[in-house]
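Have a look at it first, then read on.

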Amino acid sequence: MIQHPRLDTDLNAACQWLGGAAVMGKGAAREMTDPATGKMYGTFPDADAGQLDRAVKHARGALKVWADCDPDKRARILHRVSELITENADHLGAVEAVNVGKPLPQALRDVGRAAEYFRFYAGACDKLQGDTIPSGPDQTVFTVNEPVGVTVHILPWNYPVSTLARGVAPALAAGATVVAKPSELTPFTAVMLARIAAQAGLPDGVFNVVTGGGDIGTQLAGHSEIDHVTFTGSTATGRKVMQAASAPVAGVTLELGGKSPIIVLDDADLDAAAEGVLRGIFFNAGQVCAAGSRLVCTPGIHEALISKVAAKARAMTLGHPLDSPDIGPLVNSGQIARVEGFVDRAKAAGHRLALGGSRSVLEAYPNGYFYPPTIFANPPPQSEIARDEVFGPVLVSQLCDDADHALALANDSDFGLVAGIYTCDGNTALRLARQVQAGQVFVNGFLTANDSVPFGGVKRSGIGREKGLAGLAAYLSPKAIVLNHGK
Ligand code: NDP
């Protein structure tokens with residue numbers, strides 16, 4: 001049995017991580033609340049502007065040492081980080097579960113993914129080869145992949161440890177240095193990971209963590225000594241980050257929101273589709289950028305499919321994260337108010353509720369932020385609930401006439417992160433997969449890719465790609481060297 005982690009103890013041990021050491025934050029004290037009980041358990045001190053500046057200066061100061069580090073040594077350090085994450089998985093997972101409100105098995109899975117990112121990118125350190133470019137007999141032209149420089153990583157609260165590792169591991173593999181800013185709601189595992197990296201032998205100053213709210217994020221993104229910002233969060237904030245990063249002319253990778261469609265055609269295996277839809281929207285209580293929040297299907301299968309999904313959803317348990325329920329609480333009072341707002345407006349507009357629709361009050365945790373699986377059947381395509389990202393356990397269905405109409409509905413969105421297609425017709429599957437506007441498309445499954453598969457959005461879902469070898473590009477700056485040796 002895993003012990004309930006003492007977040008108040010972790011809170012005091014984990015503050016800012018600057019230049020290879022834990023430093024108490026000098027900014028405002030932020031109240032930390034357990035989402036399962038609604039009770040405050042302590043305060044977490046933010047970084048102040050001086051500490052933020054120091055973090056960037058540490059990263060700048062450490063850049064040459066890390067960029068010049070032998071690739072084999074760099075790889076060994078990242079491998080060791082991966083091993084230490086695995087060795088500390090129980091503690092990291094329990095802290096993440098309680099801090100985010102995430103069921104423990106899911107939190108442990110996220111920690112495993114963090115270890116896997118470091119393992120994957122450790123293997124890339126000594127393979128970052130450049131190109132030779134044909135340029136006639138009088139010139140030899142080649143490129144050298146240099147690290148991009150100081151990288152800033154601004155993170156959301158829904159997958160704190162795995163999203164951090166997703167960006168930091170390739171940045172470090174490329175020889176870049178890091179300043180990470182976790183969400184103000186979930187600062188713990190970022191600082192724990194920086195400590196682990198130091199134990200693994202990462203030189204001081206290469207990986208820094210500052211905590212705090214959006215103003216810290218904006219100041220970091222606009223700092224004059226940074227070179228790249230990797231941001232994961234909402235589209236609205238992504239725009240602000242892009243604006244801030246224009247001051248230092250820093251590059252941006254933006255992993256933003258979604259309203260991802262799952263198309264189910266008449267000939268699909270309905271049980272498999274129902275399972276994919278269920279996991280696609282209710283996993284992590286729907287607080288997933290890639291959630292399959294729109295089910296697009298024909299009238300002939302609509303009621304049967306909704307019934308199957310609803311039956312499975314009713315069987316899902318809600319509870320304290322450490323009791324390993326299917327669904328934990330939402331992350332905070334603001335998030336549950338957001339979800340309630342969307343659902344209440346949809347009900348008031350008269351959209352048909354097929355499941356859920358009001359907050360769950362658990363006997364053991366009456367003040368927890370629990371929201372049950374909720375389904376709206378066929379609200380109008382232009383309605384708020386059908387278009388906007390709820391970021392909670394709320395599914396809408398949309399009716400299509402045929403495959404082409406399904407495609408049109410799927411693409412009628414500002415977002416384009418992922419998409420799912422269920423059909424037994426291979427030609428139709430391939431045609432839709434090629435035409436649907438999304439960074440990842442899944443056929444006869446949903447969110448089944450491992451973390452070496454490139455991930456990112458089109459349209460308002462983002463810029464750039466993370467994961468896999470594609471995830472290295474943002475952190476490499478190819479320098480072309482032209483040797484003139486003609487007679
Ligand atoms: P936000 O956009 O609110 O915040 C993301 C991060 O940006 C947080 O660290 C936040 O700090 C910080 N921030 C807030 N305002 C600013 C600002 N003006 N300048 C710089 N940084 C700022 O997103 P959430 O944390 O609420 O996460 C939910 C959103 O993230 C959803 O829209 C979801 O779709 C998206 N997301 C996308 C993913 C992807 O890979 N595509 C993955 C996960 C989430 P603080 O929290 O302290 O305010």
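A residue is near a molecule or strand if one of its heavy atoms lies within 4 Å of it. The model is a predicted one, where local features need pLDDT of at least 70 and side-chain atom pairs count only at pLDDT 80 or more, while totals for chains, interfaces and linings use all residues. Numbering starts from 1 along each chain as its sequence is written, and side-chain values use heavy atoms, with hydrogens and water left out.

Let's start with the ligand. It has 30 residues around it, and Leu155, Thr218, Ser234, Leu256 and Glu389 come nearest. By class, that shell holds 12 nonpolar, 12 polar and 6 charged residues. Here Ala, Val, Leu, Ile, Met, Phe, Trp, Tyr, Cys and Pro count as nonpolar, Asp, Glu, Lys and Arg as charged, and the others, Gly among them, as polar.

| Residue | Atom in the residue | Atom in the ligand | Distance |
|---|---|---|---|
| Leu155 | backbone N or O | oxygen | 2.6 Å |
| Trp157 | polar side-chain atom | oxygen | 3.0 Å |
| Thr218 | side-chain N or O | nitrogen | 2.9 Å |

Taken alone, the ligand exposes 890 Å², and the protein buries 88% of that. These accessible areas come from the Shrake-Rupley method with a 1.4 Å probe.

Helices (H or I, at least four residues) and strands (E, at least two) are DSSP runs, numbered from the N terminus.

Now for the sheets. Seen in order, S14-S15-S16-S13-S12-S17-S18 make an open sheet of 7 strands with mixed pairing; two strands pair if DSSP finds at least two bridges between them. Strand S14 (352-355) and strand S18 (440-443) are its edges, each pairing on one side only. From one strand to the next, the twist averages 20°. Helix H11 (residues 299-314) packs on this sheet, touching strand S12 (261-264), S13, S14, strand S15 (374-377) and S16, and its direction makes about 50° with that of S14. Contact here means heavy atoms within 4.5 Å, and axes are lines fitted to C-alpha atoms, for helices over the stretch in contact, with angles from 0 to 180 degrees between N-to-C directions.

There's also an open sheet of 3 strands, ordered S5-S6-S20, with antiparallel pairing.

How values were computed. A polar contact is a pair of N or O atoms within 3.5 Å; within protein, one must be able to donate a hydrogen and the other to accept it, and residues adjacent in sequence count only if both atoms are side-chain atoms.
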